[in-house]
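I opened this notebook to record what I looked up about charged side chains and their pairing. The entries follow the order in which I checked them.

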Amino acid sequence: AQLLAAVTGETGTGAVVFGTAPTMTNPVVTASSGVGLKVTNTGTGDSFVVEDSASTDATPFVIDNNGRLVVGIIAHKTVSSVNPWLQVCGTNSIGGSSILAAMSGANTTGGSLYLNKTRGTNPSDNGALLSGDIVGKILWVGNDGVDDEVTAGKIEVIAASNFASDNCPADMVFSVNGGAATPTEAMRISQDKAITMAGTLG
């Protein structure tokens with residue numbers, strides 16, 4: 001009876017429109033084919049929010065109206081003028097802002113992190129990288145009391161020459177911030193495994 005009272009309309013086959021925000025206890029969505037659950041957001045609010053017993057939860061699981069996934073914070077965060085599509089944020093806990101890639105099994109495979117770059121028009125297209133393209137990078141950004149814009153350190157893998165089939169030469173570059181707005185290169189491992197270091201050893 002409560003569900004029927006909340007439904008105000010029907011669209012298509014098997015789709016319902018809720019006039020209010022109904023409370024559902026232990027709902028189960030079963031689909032034999034196609035999409036099991038689809039949320040179409042035509043407004044500006046978040047598309048999907050999961051809270052714990054606290055309401056409003058300060059550390060929810062959120063998919064916003066742009067499809068951005070945010071865990072542990074109500075509103076998404078911008079770092080170095082970038083608004084990442086996956087954000088894991090925490091407060092007063094190491095685990096709150098940690099990401100785990102775990103592998104189990106009697107084999108030699110461990111958890112992995114893949115950073116991928118293609119010059120194709122979408123992520124599934126092939127498009128060989130050119131010399132100087134950044135294959136991937138990891139950045140460390142600390143708040144300076146004003147904003148989260150300045151990078152304190154970074155590691156980059158950069159194409160050393162044009163990529164071709166099964167031939168992807170690259171350099172690995174380590175950069176640190178010596179007290180400026182941008183970090184500078186401190187060490188480079190070249191495609192031929194030569195190591196170049198800036199500064200003074202010791």
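With which residue does R188 form a salt bridge, and how far apart are the closest N and O atoms? I worked from a predicted model throughout. I found that R188 pairs with E185, with 2.9 Å between the closest N and O atoms. I then looked up the accessibility of both partners. R188 has a relative accessible area of 24% and is partly exposed; E185, at 36%, is partly exposed as well. I also noted that salt bridges with shared partners join D171, E185 and R188 into one network.

Next I turned to D148. Its side chain meets that of K77 in a salt bridge, at 3.0 Å from N to O. I asked where the two residues lie. D148 is in the loop between β7 (134–141) and β8 (151–159), while K77 is in the loop between β5 (69–71) and β6 (86–88), so this pair ties together parts that are 71 residues apart in sequence. Is D148 buried or exposed? I recorded D148 as buried, because its relative accessible area of 15% falls under the 20% limit. K77, by contrast, is partly exposed at 33% relative accessibility.

E156 counts as buried, with a relative accessibility of 8%.

Finally, I asked how many salt bridges there are by this rule.

Definitions and conventions. Residues numbered from 1 in each chain as written. Predicted model: local features only at pLDDT ≥ 70, side-chain atom pairs only at ≥ 80, totals over all residues. Heavy atoms only, no water. Salt bridge = Lys/Arg side-chain N within 4 Å of Asp/Glu carboxyl O. Helix = DSSP H or I, 4+ residues; strand = E, 2+ residues; numbered from the N terminus. Buried < 20%, exposed > 50% of the residue type's maximum accessible area, 1.4 Å probe, protein only.
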